[in-house]
Amino acid sequence: MNKPFDGHRARKRFGQNFLHDQHVIDRIIQAINPAEDEHVVEIGPGLGALTDGLIGNCFLSVIELDRDLAPRLEEKYGQRTDFKLHQGDALKFDFNKLIKENHTSKIRLVGNLPYNISTPIIFYLLQFKHHITDMHFMLQKEVVERMTAKPGSKTYGRLSVILQYTCEVSHIFNVKPGSFNPPPKVDSAIVRIKPRETITEAVTDEGFFQQLVTQAFSQRRKTIRNTLKTMATEAQLQAAHIDPGARPETISIEGFVRLANVLACQ
């Protein structure tokens, strides 16, 4: 371990599980494939496992919440002209600030995200999607499976629909607990999330679309007729070519888009 970080113990309240497996680190860097003219933003660099592989291959900004680790990262990398540290919470961070500071139109995001807040962070980042080229994150394997799930599967749900509507989502590879210190109690996975440049069939109101999908999956065992009884009539469901007796997990993303647009026009 690098000297500036000697003695640091993972903090449970920050969801810290530090990656140490060099083979896994190399595979992640290879998947990201950073370029010198790109601006990469690492969320939660921790002990710098991914940072070491990224530094020198791009302009690197890092966002670290831990007030103990932030000065150590600054000590190790701060003299470089291609590095910038931001101490703060990624869930409150203004990512537009990075665009203005570095005069770039796009950023790439990477990170080993705390599993307890990974979904809120990703939904927060989607509001900046027009400035994001792609995102490569280490997440709980179960969450990645939900993100990439297809209609009809047990893991298909709110996260699948909303994320896949907005982005292309790819499950890159799995990572075993032993690759971390301390080892998490679950398997992990690397996911690539790439915001779509164009959407073939777009919703007229994205906020309403998200609200509709959330309500549809609020009671998975019930039919779409019942879960959406306060939002849509059977006639409206049929107008969107949706069987009122179908369960939410059988309805395609395009089906939810059609329904959101039908309801928005009423």
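Student: Which side chain meets Arg72 in a salt bridge?
Tutor: One thing before that: this is a predicted model. Now the general idea. Side chains of opposite charge can pair when their charged atoms come close. In this model, Arg72 meets Asp68, with 3.3 Å from N to O. Asp68 is partly exposed, at 24% relative accessibility.

Student: How many salt bridges does the model have?
Tutor: The count is 9. Take the one between Glu206 and Lys129, at 3.2 Å from N to O. That pair ties together distant parts of the chain, 77 residues apart. Glu206 sits in helix 8 (residues 206-216). Lys129 lies in the loop between helix 5 (118-125) and strand 6 (132-140).

Student: Are Glu206 and Lys129 buried or exposed, or something in between?
Tutor: They fall into two classes, because buried means under 20% relative accessible area. Glu206 has 28%, which makes it partly exposed. Lys129 has 17% and is buried.

Student: Which residue does Glu234 meet in a salt bridge?
Tutor: Arg225, at 2.6 Å from N to O. Glu234 is partly exposed at 38% relative accessibility. Arg225 is partly exposed too, at 32%. Elsewhere, salt bridges with shared partners join Glu38, Arg108 and Asp134 into one network.

Student: Let us move on to strands. How many residues of strand 3 are buried?
Tutor: The general idea is to ask how much of a strand is covered. In strand 3 (residues 59-64), 5 of the 6 residues are buried, so the rest of the structure largely encloses this strand.

Student: In which sense do strand 2 and strand 3 pair, parallel or antiparallel?
Tutor: Parallel. Strand 2 (residues 39-43) pairs with strand 3 over 5 bridges. Ile43 has Ile63 of strand 3 as its partner.

Student: And what joins strand 3 to strand 4?
Tutor: 5 bridges, with strand 3 and strand 4 (residues 83-87) running parallel. Here Val62 stands opposite Leu85 of strand 4.

Student: Which helix carries the chain from strand 3 to strand 4?
Tutor: Helix 3 (residues 69-77) does, and this β-α-β crossover is right-handed. Strand 2, helix 2 (residues 49-54) and strand 3 also form a right-handed β-α-β unit.

Student: Now helices. Which residues of helix 3 are buried?
Tutor: Leu69, Ala70, Arg72, Leu73 and Tyr77. Then look down the axis. The buried residues of helix 3 fall within an arc of 165 degrees, so they line one face of the helix. Their cover includes strand 1 (18-19), helix 2, strand 3 and strand 4. Arg72, the salt-bridge partner of Asp68, is one of the buried residues in helix 3.

Student: Which residues of helix 8 are buried?
Tutor: Phe209, Leu212, Val213 and Ala216. These residues cover an arc of only 95 degrees around the axis, which puts them on the same side of helix 8. They pack against helix 7, helix 9 (224-227) and helix 11 (253-264).

Student: What happens at the start of helix 8?
Tutor: Check side chains against backbone nitrogens there. A side-chain oxygen of Asp205 comes to within 3.1 Å of the backbone nitrogen of Gly207.

Student: One last residue. Which residues does Thr166 touch, leaving out those up to four places away in sequence?
Tutor: Leu126, Lys129, Pro195, Arg196 and Glu206. Thr166 belongs to helix 7 (residues 158-166). Thr166 is buried, at 2% relative accessibility. Its side chain reaches the backbone oxygen of Ile162 at 3.1 Å.

Student: How far apart are Thr166 and Leu126 in sequence and in space?
Tutor: They are 40 residues apart in sequence, and 8.2 Å apart in space from C-alpha to C-alpha.

Note on methods:
Residues are numbered from 1 along each chain as its sequence is written. This is a predicted model: local features need pLDDT of at least 70, side-chain atom pairs count only at pLDDT 80 or more; totals for chains, interfaces and linings use all residues. Side-chain values use heavy atoms; hydrogens and water are left out. A salt bridge is a side-chain nitrogen of Lys or Arg within 4 Å of a carboxyl oxygen of Asp or Glu. Buried means under 20% relative accessible area, exposed over 50%, partly exposed in between (1.4 Å probe, protein chains only). Helices (H or I, at least four residues) and strands (E, at least two) are DSSP runs, numbered from the N terminus. Two strands pair if DSSP finds at least two bridges between them. A crossover is right-handed if, with the strands pointing away from the viewer, the path from the first strand over the helix to the second runs clockwise. The arc is that of the directions from the helix axis to the C-beta atoms. Contact means heavy atoms within 4.5 Å. A polar contact is a pair of N or O atoms within 3.5 Å; within protein, one must be able to donate a hydrogen and the other to accept it, and residues adjacent in sequence count only if both atoms are side-chain atoms.
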